[in-house]
Amino acid sequence: MPLQIAFTENNGSVSEHLLFEGREYQVGRSESADIVISHPQVSRSHIVLRAADNDRVWQLNDMSSTGCFSAGVQIKHLTLDKPHVLQLGPVPCEFTPVELNNVVKLDSQREWRKQQLKQYQTQLQRCNSSTALINLARECLIQSLGCERASLILFDKINNYQLGVGYESWMQGDDFTGSRTIINQCMQANAVRAIGNIVCDDSLNKQHSIINHGIQAAICVPVCIEEKPVGVLYADSTLGRRYFTQTDIEFATSLANMISMRLLFHTIEHKLSLIS
């Protein structure tokens, strides 16, 4: 029986791996590990996984110095015959045995997702105006990533919010009900922030904007001109958690890059008009 392992990457996306019988798998921080978890408190070779009992279950062996924990209890060996959430050091990982017929379903869902993303990318490349591009990017974030609200948010020179296309009532000035904290983190680091379950994120779940507006999940991607962030593509959900995969992150980043290129083009065009 195959085994699926899922954990959250540093950028907030969820990394999913499907393991098959017939060999053992090393999970750890080392670049040579079969599954790499890039966290300083995860050992280079943290656990070893192998199928057992005629491939009907999986055995987990802890090889680490920082431990493997189930519900706060340290374990050295465990039979994975049902779904488990374990802590590898401080990193929560979900282990799920998968029936063979469900493997086909998982592959079909991934292939459908890839085709959907390709279709959106083709539409984006055909956009002949900035307004059409940004409107389609907003639609993609809502439809493809399962978010309820999305917009391009631009900033002035002192980082005051200037709201771009995608303007709705929830974005009005002081009544803005998105997460300023996540947006500011994204701008300052010039890096993607994706949080699929904010309630479990101790760095965010006590923030006023999160509590007051009931934000459950959010993704924020920097939009840059000449490598300097000038705004973000922002989307969130208030109805429930939403796990963002690496494919989701790459897709949202490609949207932001297309908008960045369009903004750069307009900047160059404006400078040329001043010269002439």
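Arg50 stands opposite Gln59, a residue of β6, strands being DSSP runs of E with at least two residues, and helices runs of H or I with at least four, numbered from the N terminus. The model is a predicted one, in which local features need pLDDT of at least 70 and side-chain atom pairs count only at pLDDT 80 or more, while totals for chains, interfaces and linings use all residues. Residues are numbered from 1 along each chain as its sequence is written, and side-chain values use heavy atoms, with hydrogens and water left out.

**Strand pairing**

β5 (residues 47–52) and β6 (residues 57–62) are joined in the antiparallel sense by six bridges, where pairing requires that DSSP finds at least two bridges between two strands. Both belong to an open, mixed sheet of five strands, ordered β4-β3-β5-β6-β9. Because β4 (35–36) and β9 (77–80) each have a single partner strand, they stand at the edges, and one side of each is left without a neighbour in the sheet.

Elsewhere, β12 and β16 also pair in the antiparallel sense, over six bridges, and within this pairing Ala150 has Ala235 in β16 as its bridge partner. β12 is mostly covered, with six of its seven residues buried; buried means under 20% relative accessible area, exposed over 50%, and partly exposed in between (1.4 Å probe, protein chains only).

**Nonpolar cores**

A nonpolar core is here a set of buried Ala, Val, Leu, Ile, Met, Phe, Trp, Tyr and Cys residues joined through side-chain atoms within 4.5 Å. The largest has 29 residues, of which Leu141, Ile219, Leu233, Phe244 and Ile259 touch the most other members. Two or more residues are given to this core by each of α2 (130–145), β12 (149–155), β15 (217–225), β16 (228–237) and α5 (246–275). Apart from this core lies another, of 22 residues, including Leu19, Leu49, Leu86 and Val91.

Once neighbours within four places in sequence are set aside, Ile259 is in contact (heavy atoms within 4.5 Å) with Leu133, Ile134, Ala137, Leu152, Val223 and Leu233.

**Cysteines**

The structure holds zero disulfides, a disulfide being a pair of cysteine sulfur atoms within 2.5 Å.
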